[in-house]
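Me: I would like to learn how to read helix packing and a chain interface. Can we work through an example?

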Amino acid sequence: MSLGSDDVKSIAHLARLEIDEKNIEEHAKTLSSIIGLVEEMNAVDTTGIKPMAHPMDISQRLRADEVLEENQRELFQKVAPETKDGLYLVPQVIE
Amino acid sequence: MYHTKTLSELSALLEAGDVTSVQLTEHFLQRIKNHDTELNSFITITAEPALKAATAADEKRKAGKAGPLTGIPIAHKDIFCTKNIKTSCGSKMLDNFVSPYDATVVEKMQQAGMIILGKTNMDEFAMGSSNETSFFGPVKNPWNTKAVPGGSSGGSASSVAARLTPAATGTDTGGSIRQPASLCGITGLKPTYGRVSRYGMIAFASSLDQAGPMAQSAEDCALLLNAMSGFDPKDSTSLEKDVPDYTADLNKPLDGLKIGLPKEYFDEGLSKTTNDIVQKAIDEYKAMGAEIIDISLPNTHLAVPVYYVVAPAECSSNLSRFDGVRFGHRCEEPKDLEDLYKRSRGEGFGDEVKRRILIGTYALSAGYYDAYYIKAQQLRRMISDDFTRAFEKVDVIMGPTSPETAFNIGEKSDDPISMYLSDIYTIAVNLAGLPGMSVPAGFNNKMPVGLQIIANHFDESRLLNVAHQYQQKTDWHKAIPEQFK
């Protein structure tokens, strides 16, 4: 399967990723060749094989729902682009 | 001079009082200053805090509280969060990011008393096999500065090979420790998935990522792995398993060791000279009493296709956190929230990262999920089962680490597929969560060639034993590029 410019635009939108208009065709070409590589998978019949999500085939450990971390909001917000009164600021969302 | 010494040799010198940690640290900082403009293996150099830490290490030693690694310098791949030190992950996205906390690996190496010289260059977000995707420019291979060092832990490999640091940390998602170790002629180990904590290690593909040591020898890797490993409650995929002393088995004789040679690792894709060098290493093992057994890993050819679904899918999900809101790059004057997300990400990420996010987003999108992601996970099990069957018959598997020696900068950067195929022998190990190593085994045209050794889950001790015994019989790992001697 090959991807065209419109496909790349819609995938980029899903990923919230701006792609330069002049690079879209190049991306379509490269992504198509990667998908071509990936589709070598289709030559193998995998009926009945259980998908493997974890390399050791185990599920993730859970812990008790206890507060272990102390609040370090100020420290963590020091690296933020814009904050006010302990909140992260973004352009206005609701009119 | 100090830079030609292994960790255990440096440790002995420190213990005997023949050198102080401050002297060692000054020596390596000077070497970085003299040589790194040429190699570009460091993104950040932390001279001042390093000297402060070295002074403290010397006092600790005087007080009789030193361990084997106390006072020895190390460099960390810039993927590990380091408190109060820039942690860029090789990306413009994090060029302004000073981490508010330490990764567990960094914390553990500090507890062991090691001194941080700086942060090493890498492919952006660890996506690449040549270190050319770094926002901070390509790293050069000290054996030929026109060639790549491999990637993604290219800065770590290059700096250890040029002896600018005695050791470095790396991470390996599809070969990112082993391939650069091979291309730069050093020893690198990717542990079993879950052996080393991923906390504070910026995530690329969470079911594959694993941190490990890069150094001059297997013995050095054992010392580093002792300090690095262990259960960490802060990493939900960290495994609760005791850490053995990885130096304990180094000297075990190899008599009767069963070595499996997968026929798929010696096919037409492998260069003849690399093949000859690997065969010669295997002859060395025969002479040490090992038994060679021909095996097959029939699904090897599927590893690269499967990886390029699983890794991008996990990457597209992991990298969604870089949104210009809480940390990292933010675009100028966003007109609304969507514009903020799109432009911050579009400006912050380089081309290879964008490619992988797009592929992953596509593979996970409605209507394609089963055809790509589920299919890849089914094949992942088949690849993993190949290894399970092989380890019923053999103790370790051997082959080349990389199909060829270091290629030239620019040679593959326009052709992602041929770049991806340079990890053809390393990727399956990550998919199966196994430990793997690359050990220097010779030179082709003055460029290093690595031997890959793969062991069963949690069998790092055997891996290190097998590599160490080889390094007792050969001195490929001691070779230093002429201009960095």
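Reply: Start with the residues that touch. In this predicted model, A:S5, A:V8 and A:K9 of α1(A) are in contact with α2(A) through A:I24, A:E25, A:H27, A:A28 and A:L31.

Me: How are two packed helices described?

Reply: By the angle between their axes and the distance between the axes. Here, helix α1 (residues 5–14) and helix α2 (residues 24–38) of chain A pack at about 95 degrees, and their axes lie 9 Å apart. So α1(A) is roughly perpendicular to α2(A).

Me: Now the interface. How many residues of chain A and chain B are in contact?

Reply: Chain A brings 49 residues, and chain B brings 71. The area buried between the two chains is about 5300 Å². Carbon and sulfur atoms give 70% of that area. On the chain A side, A:M41, A:M52 and A:R61 lose the most area to chain B. Together they account for 14% of what that side buries.

Me: How many salt bridges does the rule find across the interface of chain A and chain B?

Reply: Three. In a salt bridge of 3.2 Å, N to O, the side chain of B:R330 meets that of A:E82.

Me: Which helix gives the most to the side of chain A that touches chain B?

Reply: α2(A), with eight residues. By class, that side of chain A has 32 nonpolar, eight polar and nine charged residues.

Methods: Residues are numbered from 1 along each chain as its sequence is written. Chains are lettered from A and ligands numbered from 1 in the order in which they are written. This is a predicted model: local features need pLDDT of at least 70, side-chain atom pairs count only at pLDDT 80 or more; totals for chains, interfaces and linings use all residues. Side-chain values use heavy atoms; hydrogens and water are left out. Axes are lines fitted to C-alpha atoms, for helices over the stretch in contact, and angles run from 0 to 180 degrees between N-to-C directions. Helices (H or I, at least four residues) and strands (E, at least two) are DSSP runs, numbered from the N terminus. Angles under 35 degrees count as roughly parallel, over 145 as roughly antiparallel, 65 to 115 as roughly perpendicular and the rest as oblique. Contact means heavy atoms within 4.5 Å. Buried area is the accessible area (1.4 Å probe) that two parts lose on being put together, summed over both. A salt bridge is a side-chain nitrogen of Lys or Arg within 4 Å of a carboxyl oxygen of Asp or Glu. Ala, Val, Leu, Ile, Met, Phe, Trp, Tyr, Cys and Pro count as nonpolar, Asp, Glu, Lys and Arg as charged, and the others, Gly among them, as polar.
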